[in-house]
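Biologist: I'm new to this one and would like to learn how to read it. Could you put it on screen and take me through it?

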Amino acid sequence: MQSESNAEIRRKRRMKRKRRKKIIKILLLLFLIILAIIFGFVLFLKKGEHKPYTIGLDAGHGGEDVGAIGYIEEVELTEKTTDFLQELLEKDGRFKVVRSRKNGEDIEITKRKEILLKQEPDLILSIHGNSDPTGTARGFECYPSPPGRYNHEISYYFAVCITESMAEIGNHLRGENGVRYAYYVTDQNGNTQKAIKEISDTMIYAQQSFGMVENLKCPSVLVEQCFVTNQQDVEQFGSETGCKLAASAYYKAICKYLGIKEISSNI
């Protein structure tokens, strides 16, 4: 009877060990299943994320080159507006801002362009102010990469997004719809002048356009925000309030071009 009792005890112990091993296997399997679910969920979230859009911003002129001079210096307008636009984009959280130069720096256009292109931007916006010796000209115009260039169509669409946003804030669109093409033409005496073509002129010209819109793959637009020689223009779109307003319009246009909703509110 004693031997049978010991055998029974050993059998029960073996059964306990088996049950314990079975429970451990089940718990381990559940752990692996939960781990796989968590890992899959993380991958799903990662897949839904988009890397930040890289936006190249070029504040025209700089340093000793103050640009056009009127009621304000052009560089004052370009740097203020670029600062406000950078603030909006970074506040949004979906953008990485790359600037061609710091405020106050005097860097020639070729080098500024190289700085931007090293970061492989999704788009480039070059901000300028306009001038007119009579002081009567006013309004907004912008210049995308012209016809015949690799990035012409995407640049043109970005330009249209910008002009639509500018029209919404009350800026007067010059020309046919605010979008124009610019070329540098050299005459027989070797003098170079800027030739402006309206958007309806879709001919392909060999002459070079603005340096910031030439030889690029991404959309690139140079804007003339307002006339620094027109007092009303400066008050509306060249003052601190005006530069903030213009920056908001550029931000809205960038979001529209990329097909995303605006997040940042006005500065």
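**Reading the features**

Modeller: Let's start with a pair: the side chains of R112 and D58 are joined by a polar contact of 2.6 Å. That term means a pair of N or O atoms within 3.5 Å; within protein, one must be able to donate a hydrogen and the other to accept it, and residues adjacent in sequence count only if both atoms are side-chain atoms. Before we go on, a caution: this is a predicted model, where local features need pLDDT of at least 70 and side-chain atom pairs count only at pLDDT 80 or more, while totals for chains, interfaces and linings use all residues. Residues are numbered from 1 along each chain as its sequence is written, and side-chain values use heavy atoms, leaving out hydrogens and water.

Biologist: Back to R112, then. Is R112 buried or exposed?

Modeller: We sort residues by relative accessible area: buried is under 20%, exposed is over 50%, and partly exposed lies in between (1.4 Å probe, protein chains only). R112 counts as buried because its relative accessible area is 6%. You'll find R112 in helix α3; helices (H or I, at least four residues) and strands (E, at least two) are DSSP runs, numbered from the N terminus.

Biologist: Which backbone oxygen does the side chain of R112 reach?

Modeller: That of I107, at 2.9 Å. For touching in general, we look for heavy atoms within 4.5 Å. Leaving out residues up to four places away in sequence, R112 touches several residues, including A59, H61, R101 and M212.

Biologist: What does the side chain of E79 make a polar contact with?

Modeller: The side chain of R101, at 2.8 Å. E79 sits in helix α2, residues 74-92, and is buried because its relative accessibility is 14%. Setting aside residues up to four places away in sequence, the residues E79 touches include A59, R99 and N103.

Biologist: And how do I read a nonpolar core?

Modeller: It is a set of buried Ala, Val, Leu, Ile, Met, Phe, Trp, Tyr and Cys residues joined through side-chain atoms within 4.5 Å. The largest one here has 45 residues, and those touching the most other members are L85, L89, F95, I162, V223, Y250 and I254. Helix α6 (residues 240-258) gives the largest share of this core, 11 residues. There is also a second, separate core of 6 residues, with V98, L116, I124 and C218 among them.

Biologist: How many residues apart in sequence are L85 and S248?

Modeller: They are 163 apart in sequence, yet 6.8 Å apart in space, C-alpha to C-alpha. L85 belongs to helix α2, and it counts as buried because its relative accessibility is 0%. Beyond the residues up to four places away in sequence, L85 touches L125, I127, Y250 and I254, among others. Y250, counted that way too, touches L85, F140, I162 and V223, among others.

Biologist: What about empty space?

Modeller: Rolling a probe the size of a water molecule over the atoms shows where empty space is left. On a 1 Å grid over the protein atoms alone, a pocket is an open set of points where a 1.4 Å probe fits, with protein on both sides within 12 Å along at least five of seven lines; lining residues have an atom within 4 Å of a point. Grid points are joined across faces, edges and corners, and the volume is the space filled by probe spheres set on the points. The largest pocket comes to about 350 Å³. It is lined by 24 residues, and H61, E74, H128, Y184 and L222 are the closest to its centre.

Biologist: Which element gives the largest share of the lining of the largest pocket?

Modeller: β3, with 4 residues. The lining has 7 nonpolar, 9 polar and 8 charged residues, where Ala, Val, Leu, Ile, Met, Phe, Trp, Tyr, Cys and Pro count as nonpolar, Asp, Glu, Lys and Arg as charged, and the others, Gly among them, as polar.
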